[in-house]
Amino acid sequence: MPCRLAITSMSLGRCFAGHPLDHKLDMARLFGYRGIELFHEDLLDLAQQLPGGATADNELESAHIIRQLCHERGLAILCLQPLAHYEGLLDRQEHARHLEKLLFWFQLATVLGTDMVQIPSSFLPSSELSEDPAVAIADLRKVADMGLQQQPPIRFVYEALCWGTHCDLWEQSWQIVQAVDRPNFGLCLDTFNIAGRIYADPASSTGRTPNCDQAVRESIVRLMTTVDVRKVFYVQVVDAERLAEPLVEGHEFYNPEQPARMSWSRNCRLFYGEKNRGAYLPVTEISRAIFQGLGFEGWVSMELFNRRMSDTDDFVPQELASRGAIAWAKLVKDMKLRVDTPVQGMLYPSL
């Protein structure tokens, strides 16, 4: 299919900052998005507003409401995310609880009308995770097999976070996808998480890792020569801000309970091409490898995390939706993407 623009629901403003989902969906529709990644936080927030609070029944009712809200605006629900901290747990009772949660998420996905759940690589402390990669692979194969038993089947998309405990490189996530070896278990390639691990180091005074340019060149060659594009279920394209000072103790974003890359990710991601805001990652080169080298076509999501999302002024969803649409127009032009025909009545900001 042609490339289609999506965005993660929380990327248009956090619900705890007073940004309701219906307004965020209005802004997505207005600025030309074709789908959303539904962050479970937004579903839970809606459930909490129903009589009785965030019960299982109210989560299912919220899923019905969200599906209708998206349908009215012509928005697809690309996936439900994130099913976090699942694979490789040493505590197998906690593992069993995650499987129970997944069975409920299958119900939510069916009501929402989506066939995909996203799993980010775990960033729990290493003391809570098995050192044996076979354990994580078996756990992920288990959920894939459970997904195949659903009607309709549920797909899983796995993503390496650049601060993941045992999986922080796209190469590792690709090895896991190959080892799981199920038709419904695929890969999410995220330009931020790729570059955030091999190119950027927010705790460094340079903002970069040693030999970063060579690392990116070699990674791109491996990407184009080893990945089967049919196993790339969707792509996320965002950049990030070069910090003026290293993200170490004393920095405003420093959190002793988080790796520096996680704190940076939560506060400083930017949309594609936002050089005027300090974007500095080699996202164009990585995107070119994905779209032109691999020939990827399909869903392209702007998964932004940024401190602006937590601001409480009413303009946040419109601003972020507009900025994402500008980034999309630039990406389409730069990558020569084949895209869906624009829908009449939508706003497309000029570059």
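Reader: What makes the charged end of R4 count as sitting over the ring of W299?
Author: The charged end of R4 is 5.8 Å from the centre of the W299 ring. The model is predicted: local features need pLDDT of at least 70 and side-chain atom pairs count only at pLDDT 80 or more, while totals for chains, interfaces and linings use all residues. Residues are numbered from 1 along each chain as its sequence is written, and side-chain values use heavy atoms, with hydrogens and water left out.

Reader: Which ring does the charged end of R266 sit over?
Author: R266 has its charged end over the ring of F305, 4.4 Å from the centre.

Reader: How many aromatic pairs does a search of the whole structure find?
Author: The search finds 7. One of them joins F39 and F305, with 6.2 Å between the centres and 75° between the planes. Rings of Phe, Tyr and Trp (its six-membered ring) pair if their centres lie within 6.5 Å, and planes under 30 degrees apart count as stacked, over 60 as edge-to-face and the rest as tilted. The values for F39 and F305 therefore make an edge-to-face pair.

Reader: What does the pair of F39 and F305 tie together?
Author: F39 is in strand β2 (residues 35-39) and F305 in the loop between β10 (299-302) and α11 (316-335), so the pair ties together parts 266 residues apart in sequence. Helices (H or I, at least four residues) and strands (E, at least two) are DSSP runs, numbered from the N terminus.

Reader: Why does the pair of F106 and F156 have its name?
Author: The ring centres of F106 and F156 are 6.2 Å apart and their planes stand at 65°, so this pair is edge-to-face. It links F106 in helix α4 (residues 92-112) with F156 in strand β5 (residues 155-159), 50 residues apart.

Reader: How do you know whether R323 is buried or exposed?
Author: R323, in helix α11, has a relative accessible area of 9%. Buried means under 20% relative accessible area, exposed over 50% and partly exposed in between (1.4 Å probe, protein chains only), so R323 is buried. Not counting residues up to four places away in sequence, R323 touches L270, F271, E274 and R277, where contact means heavy atoms within 4.5 Å. F39 and F305 are both buried too, as are both F106 and F156.

Reader: What makes α3 and α4 parallel or antiparallel?
Author: The axes of helix α3 (residues 56-72) and α4 come within 8 Å and cross at roughly 25°. Axes are lines fitted to C-alpha atoms, for helices over the stretch in contact, and angles run from 0 to 180 degrees between N-to-C directions. Angles under 35 degrees count as roughly parallel, over 145 as roughly antiparallel, 65 to 115 as roughly perpendicular and the rest as oblique, so α3 is roughly parallel to α4. Among the residues that meet there are L60 and H64 in α3 and F104 and L108 in α4.

Reader: How do the axes of α1 and α11 cross?
Author: The axes of helix α1 (residues 21-30) and α11 come within 9 Å and cross at roughly 30°. That angle makes α1 roughly parallel to α11. H23, K24 and M27 of α1 make the contact with P317, Q318 and A321 of α11.

Note on methods
A charge sits over a ring if NZ of Lys or CZ of Arg is within 6 Å of the ring centre and within 35 degrees of the ring normal.
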